[in-house]
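User: I am new to this structure and would like to learn how to read the contacts between its side chains. Could you take me through them step by step?

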Amino acid sequence: MGAAEDTKVRSVLAALTLLSLLSHTDGIAQGPGAPRPVLAPGPKSAGRHHRLKRGWIWKQLFVPEEDPTPRVIGQLKSDSDRGEFGIQYILSGEGAGDAFEIDEYSGEIRTLKKLDREEKAFYVLQAQAINRFSKEPEEPQSEFIIKVQDINDNAPQFHNQPYVASVPEMSPTGTTVVQVTATDADDPMFGNNAKLIYSILQGEPYFSVEPKTGIIVTSWPDMDREAKEQYLVVVQVKDMLGLSGGYSTSATVSVSLSDINDNGPIFQHHLYAFAIPEDAEVGTTVGRVKADDADVGVNAKMNYSLQVDLEENATFTVHTDPLTQEGVVLLAKPLDYETKRRYVMVVEAVNEEVDARFLPPDEFSDRTTLKIMVDDVDEPPVFLSPLYEWKVAENAAAGIAVGVVSARDTDAANEAIRYSFDKHKEVAKSFRIDPHNGTVTLTKQLDRETFAWHNVTIVAKESTQKRLSSSVLASIKVLDINDNAPQLAGRYQPFICEGTQAGELIQLLSATDPDEPSEGHHFYFSMVPDKHINPNFTIRDNQDNTAGIVARRSTFTRRERSRHLLPVVVTDSGSPALSSTTTLTVSVCSCQPVGHCPSGGVEALALSMGVSPQTFVTLLVGLLLAAASSVLTLLLWRRRLKQKKARKKASELELPDTVSQKVLYYAQVGGPGRNPGWDSGRAPGRAPGQAPGQAQGLPVVPLRPHPRRRERRLAREEVRASIRMSLRESHLVGPEDDVFRQFILDRLDEADADPCTPPFDYLTAYAYEGSGSSAGSLSSLESESGERPASGLKSPWARLSPWNGGGEEDTVF
């Protein structure tokens, strides 16, 4: 139990003592069972009140921990107890009945089991004294504490294990490394049970520990991390101040020496030699140099530099690799074996962080020699310019020199150079190059409006056996000359309304010119010079490269003249100036109030063909009728071909032996599928005058003679399409619609007139009446799952043999 817990116990005990004292003082009530004060007059003080003093008789209770023997640890007794066993003692509170019990007659308190102070240091209980006869309390309920006395039964324990610590290398003696802390569960206020002391078992003479605080300090000066970095220290703690009979525990502390910058960089070699070919690209790695530093981390970081003259320093550079701390030497400028073949430089490595406490500043750096040899490489020719750009006029004659290219062999041999065009460039057909001196000339005149620029690739090749080559791009700009006449910007089709007034604008004109003068385009618009002024129109130049056609009079009518021809002259501002003449056709039309000419397009097209608009419309209608007739003829031919195939297929169907191939049986009198339409004469093939109710014999209905049949019969595909359309339209349009009603009547007429079609009246009635038709699915066309009748056709609904048992094509609609 700790000091705070012990202090709490002491406070409770003091409070109980104070309450006990107060309960025996004058004027304090004794509780619900306390006797009232008794007035006892005395000889000297008559009339004074004498209170009877009552109270508990008990002593402080203690019990040693871990004692397994039950024993009496104390007794509670009231001062009203005369030993007659008339008072009953009752114990309640913490541990009552479990850890403690009380003798109800004597008030003795006994232990029932061994107690652990570290589990519970004290118990708060309540005691009562009750009269056995009246069951009234003799004393008020009182609270007291049983304290568990400590014994040394717990070993000290270290916290926050494992311990890991670090201390800078070269630290002076006595530098704090880490503090280890142990605690003991025993009572620190009772003897030496929890008095701890620390000592070192392993780690001397480098480290020591303060006995009372557990602080580990260095005890060896100038420990070097580069010599030994890790140390293992074992610390022991004992209770009882280290006396015999106490408990002890040990803990391990891992101590590492952290690095300080007490070492400088040292190069592994005094000379580094590298070789590089002269055609190496800029940025190529020449080699790596390395200086070793015994330190780690930031203390081992270093920077490399080249200490050479200005020229060599510009040819190569060095930088530090952050991962390996190596110096990487890079090529900074192109090399030329013929100019310089060897470079000698000094590389220096310097620490980034310098600590003058341990080394002088000059020992934080080191130098080495770097020698770089340039290897000779046979190189291709080099052009004197990386890009050539020339200009030539588009009217320049063939043979004119455009420009000259020049290349040389940079090797010591200085071989002769031959020039040529890239064979894969089509544009090279307009030019020729001298293979010896590189002069480029024209082979034909150029047209700027076709190609304003020509990009020619010129190849320079050595005449040696290796025939190394290089190429360069020559861009030739074609200068413009005024060699194209301007044209109107579009195919204008102006029109003028019959009600146009004089001075009104009819059409706005603009022009284009493929030439590109340096000062920009400027066009002039005019009419063709004539002896007489045009009485109908004039052209007004707006001086902004546009012009307008303006009416000169107000008497334009279609009856007088339907079109007018107006020549327009457009002239550019080139030197010499060029011009073009375009004749526009101005149509006269009867415009709507807003000025729109509704038939202007047709009239313009008719006029362009040299015919009147009426004649043009007639020809157009004739062509459309001829095209429609051709389409209808083709469709009719295809339809007859399908009908012929259908008849051929139907003739191959075999009828049952019990049914004549020239008659069809359909219904029986009184059958469930009787249809008024059938009885009224719509049934196909029924003989005139035959009663519809002939039941037993199923009257024979002969077909009409074959020559009288209609030449055009509906194919089965058309019948199915009609049925599907009827079913669809019955839901969408309804039988009240006139168009739909007429369609159904036409289908019924076709069914009555053509005996080769299936019984159609019930399905047609169903399509006419909609989904609510009483016919429902009783039509024989949908009786696909019905069984064939026996001989004599006794079934009231017999499917016709051509459709009974047919293929899938004959039964699906």
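Predicted model: local features only at pLDDT ≥ 70, side-chain atom pairs only at ≥ 80, totals over all residues.

User: Which residue forms a salt bridge with E229?

Analyst: In general, side chains of opposite charge can pair when their charged atoms come close. A salt bridge here is a side-chain nitrogen of Lys or Arg within 4 Å of a carboxyl oxygen of Asp or Glu. For E229 the partner is R225, with the closest N and O atoms 3.8 Å apart. R225 also forms a salt bridge with E226, where the closest N and O atoms are 2.9 Å apart, and salt bridges that share partners join R225, E226, E229 and D259 into one network.

User: Are R225 and E226 buried or partly exposed?

Analyst: R225 is buried, with a relative accessible area of 8%, whereas E226 counts as partly exposed at 29% relative accessibility.

User: How many salt bridges does the structure hold?

Analyst: The structure holds 17 salt bridges. One of them pairs K113 with D98, whose closest N and O atoms are 3.3 Å apart. K113 lies in the loop between β6 (108-111) and β7 (122-131) and D98 in the loop between β4 (87-93) and β5 (100-102), so this pair ties together parts that are 15 residues apart in sequence; strands are DSSP runs (E, at least two residues) and helices likewise (H or I, at least four), numbered from the N terminus.

User: What should I know about disulfides?

Analyst: A disulfide is a covalent bond between the sulfur atoms of two cysteines, and here the cut-off is a pair of cysteine sulfur atoms within 2.5 Å. A search of the whole structure finds one disulfide, formed by C497 and C591 with their sulfur atoms 1.8 Å apart. C497 lies in strand β36 (residues 495-497) and C591 in the loop between β42 (579-589) and α3 (600-609), so the pair ties together parts that are 94 residues apart in sequence. The torsion about the S-S bond of C497 and C591 is about -90 degrees, so the disulfide is left-handed.

Definitions and conventions:
Residues numbered from 1 in each chain as written. Heavy atoms only, no water. Buried < 20%, exposed > 50% of the residue type's maximum accessible area, 1.4 Å probe, protein only.
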